[in-house]
Amino acid sequence: MTVTNWQPSAAISTLKKRAQILQKIRQFFAERQILEVDTPALSHHTVTDEHLHSFSTLFQSPLSPKTQTLYLQTSPEFAMKRLLCAGSGAIYQICKSFRNEEAGRNHNPEFTMLEWYRPDFDHHQLMAEMDELLQLILNCENADKLTYQQAFEQHLFCNPIKASLDEIKTVAIQYGFAEIAENEHNKDILLMLLFSQIVEPNIGQKRPCFVYDFPASQAALAKISPQDPNVAERFEVYFKGIELANGFHELDDADEQQARFENDNMKRQQQGLASMPIDQNLISALQSGLPACAGVALGVDRLIMLALECERIEQVIAFEHNRA
Amino acid sequence: MANFSTNEFKAGLKIMLDGEPCNILENEFVKPGKGQAFSRVKIRKLITGKVLEKTFKSGDSVEGADVMETELAYLYTDGEFWHFMNNDTFEQIAADESAVGENVKWLVENDMCTITLWNGSPIVVQPANFVELEITETDPGLKGDTAGTGGKPATLATGAVVRVPLFVQTGEVVRVDTRTGDYVGRAQK
């Protein structure tokens, strides 16, 4: 007999509250005349980021003998940017996103993402808007704001931008991460380690904390700051030990975007990972012109965990992946 | 011994760390949205008993530890070693002082103990949760006291000292919780 597990992992009462929160979020955007959109979960392309792993599947068209590889989207970013380039104006989306190799207290391989884009906003204006949303949903105080450098200096007493690989290694060893530090040659990996293990638990405990101006080497799809080429106009939000959202003053330079994708693929090859097909539709859209904008992606399940004081992601989703 | 990758880490897996066998208690997946994934692992060092947290890069692997637990009966001590026997195979094994440690005071002849073996050698001797031992010395106590307010110290046959109620006398056999060192009751005759 197979062991079945048909019961939901979330209480029905939690799912009712979840529905109310989603309604509130939609109301928030409706009041601001931001258009709700719905973009494909399955695409011919996916992210090139070495730290993101897409699910892929094969599409068998009834009109072609050849199968095509399609990827489940790790976020709706590329398609939403194409809408922006096509003149959509401000847009938001609440959708399922999929990330392979992620499961745990705060991770489910399939999760709900809220992503929105604001033409003519920079990342600071978007942080302010996000702060309003957080206060509405979480009944929290207005958020703290720190640069990545300040957060690091306050909790690890070193400058993450200026410090050399060896200096960061020494800090990592001091904090008990010798096994990782001694064999690591990538400064960003050590910064991510120190940030997630030492800085994150110490910020945003009473009220959410925005951290902005990430090192340029961790720019992802953010613009490099025109004032300081060492930092990118990227931000993250942390609250009670949970990373809630990641936002950018969006990179709008098609050539630079192409170069970053190629650089990602190079890093993937060095790691022994497969290169990902670069989304030329996105590159073409950027060439035709992305309006100056800022965008952010927020993990809705985590927001609900915080709103309802749940410890684990499965408590706020109907069926966590083992029961799916 | 085989190597284990972080995705094989789970409670109960025995791995080597700093040259010491360890038992994994918990494995938590940690990952920045745009960044490297890590495993934050809570482990117990088996020799020192220390519990600590270690973080590994996802995909890294560590050497497994050849550790097994076995139920053996305690036989006797020759002063240097404590001898145990497998009641099925009659195979005997000797544990030294560092393996027996403080638990020496709970070793009762013929009682079953859990012995942790690392590469075949005993590193931890864990007595049963409850043992029964005779009181070799305790003050007579007051007559009529049955509630045992506070109690009195009593020395047991192995040298262990526990607090017992005032009405319990020398020569009686008492049941003790070895995890806390607390008196549980008088042994059933």
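Analyst: In this predicted model, 17 residues of chain B are in contact (heavy atoms within 4.5 Å) with 26 residues of chain A. Local features need pLDDT of at least 70 and side-chain atom pairs pLDDT 80 or more, while totals for chains, interfaces and linings use all residues. Residues are numbered from 1 along each chain, chains are lettered from A and ligands numbered from 1 as written, and side-chain values use heavy atoms, without hydrogens and water.

User: What is the area buried between chain B and chain A?

Analyst: Buried area is the accessible area (1.4 Å probe) that two parts lose on being put together, summed over both. Carbon and sulfur atoms give 52% of it here. The value is about 1,900 Å².

User: Which side chain of chain B meets Glu102(A) in a salt bridge?

Analyst: A salt bridge is a side-chain nitrogen of Lys or Arg within 4 Å of a carboxyl oxygen of Asp or Glu. The count between chain B and chain A is 4. At 3.5 Å, N to O, the partner of Glu102(A) is Lys31(B).

User: Which element gives the largest share of the side of chain B that touches chain A?

Analyst: Strands here are DSSP runs of at least two residues, numbered from the N terminus. Strands E3 (20–30), E4 (38–45) and E5 (51–57) of chain B each give two or more residues to that side. The largest share, 4 residues, comes from E5(B).

User: In E16(B), what is the bridge partner of Val174(B)?

Analyst: Strands pair if DSSP finds at least two bridges between them. Strand E15 (residues 173–177) of chain B runs antiparallel to E16(B), joined by 4 bridges. The partner of Val174(B) is Arg186(B).
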